[in-house]
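User: I would like to go through this structure step by step. Please begin with the terms and then take the questions in turn.

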Amino acid sequence: MYQSQFQGKMFIFTAPSGAGKTTIVKHLLSKYDFLGFSVSATTRDKRDHETDGKDYYFLTVEEFKAKITNGEFIEWEEVYHDQYYGTLKSEVERIWSLQKHLVFDIDVRGAKNIKQLYSNTCMSVFVRPPSVNTLIERLINRNTETPESLQKRIYKVKREMSYENSFDIVLVNDLLDISFKEAEHIIETFIFGLTVI
Ligand code: 5GP
């Protein structure tokens, strides 16, 4: 396990692709200064609206594999064929050096691994769409995928849904405003021990 002087709390938001977890994570980051986003490394192509170093560290497959060999990751997964995603140790250190609590937006397998490593300081949240069909619709409407990558993502959805019971909390993302409030409640309760209604 990776250690640092300031060990803040960790919040993992995980979900099948398209369940809305990134929207929830962005809301929390804009609301709470004391949260820091764990910028993952990935080998997938950068999307137009994304910034290197802010949304992801975009690496080539060779660069990514070199970091695996050097033991630079806390966890990594080949989420899609030849598309690697991983959490760098240096990223956890960066956020904790800012005295902030960490927020992860990662896939279900990576989420399970981090939860196992940091069980007591870590709150894992599975964001579930109201139904699989809703999720597929959202994925299509998001318009970020090629027909081929869309197929890959839809194929994964059902398998990822089966992870629902592996995490501390299930947040059903139906109405966004309500999901935001529930997510805020999770953060505040875990950090301050407060019950906010
Ligand atoms: P996207 O390509 O849509 O940004 O992300 C695809 C999937 O990879 C999402 O479920 C996202 O949460 C996940 N992901 C992003 N960063 C990481 C990471 O560092 N590790 C793991 N295991 N999954 C990640």
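Analyst: A polar contact is a pair of N or O atoms within 3.5 Å; within protein, one atom must be able to donate a hydrogen and the other to accept it, and residues adjacent in sequence count only if both atoms are side-chain atoms. The model is predicted, so local features need pLDDT of at least 70 and side-chain atom pairs count only at pLDDT 80 or more, while totals for chains, interfaces and linings use all residues. Residues are numbered from 1 along each chain as its sequence is written, and side-chain values use heavy atoms, with hydrogens and water left out.

User: Which backbone nitrogen does the side chain of Glu91 reach?

Analyst: Glu91 is placed in helix H3, residues 89–97; helices (H or I, at least four residues) and strands (E, at least two) are DSSP runs, numbered from the N terminus. Setting aside residues up to four places away in sequence, Glu91 touches Phe37, Ser38, Val39 and Tyr57, where contact means heavy atoms within 4.5 Å. At 2.9 Å, the side chain of Glu91 reaches the backbone nitrogen of Val39.

User: Is Glu91 buried or exposed?

Analyst: Buried means under 20% relative accessible area, exposed over 50%, and partly exposed in between (1.4 Å probe, protein chains only). The relative accessibility of Glu91 is 2%, so Glu91 counts as buried.

User: Is Lys156 buried or exposed?

Analyst: Lys156 is found in helix H6. Its contacts, leaving aside neighbours within four places in sequence, are Val79, Tyr80 and Asp107. Because its relative accessible area is 7%, Lys156 is buried.

User: Where is Gln99 placed?

Analyst: Gln99 is not a glycine, although its phi is positive at about 60 degrees. Its relative accessible area is 51%, so Gln99 is exposed. Its place is in the loop between H3 and strand S7 (101–105).

User: What is the relative accessibility of Asn143?

Analyst: Asn143 lies in the loop between helix H5 (132–142) and helix H6 (147–161). Phi of Asn143 is near 60 degrees, a positive value in a residue other than glycine. Asn143 counts as exposed because its relative accessibility is 66%.

User: What radius of gyration does the chain have?

Analyst: The radius of gyration is taken over C-alpha atoms, and the globule rule is 2.2 Å times the number of residues to the power 0.38. With 197 residues, a compact globule would have a value near 16 Å, so the chain agrees with the rule at 16 Å.

User: How many helices and strands are in the chain?

Analyst: The C-alpha atoms fill a box of roughly 45 × 40 × 30 Å along the principal axes. Of the 197 residues in the chain, 47% are buried. The secondary structure comes to 7 helices and 9 strands.

User: What share of the contacts with a separation of 6 or more joins residues 24 or more positions apart?

Analyst: These contacts are counted in the chain at a separation of 6 or more. Residues 24 or more positions apart account for 68%.
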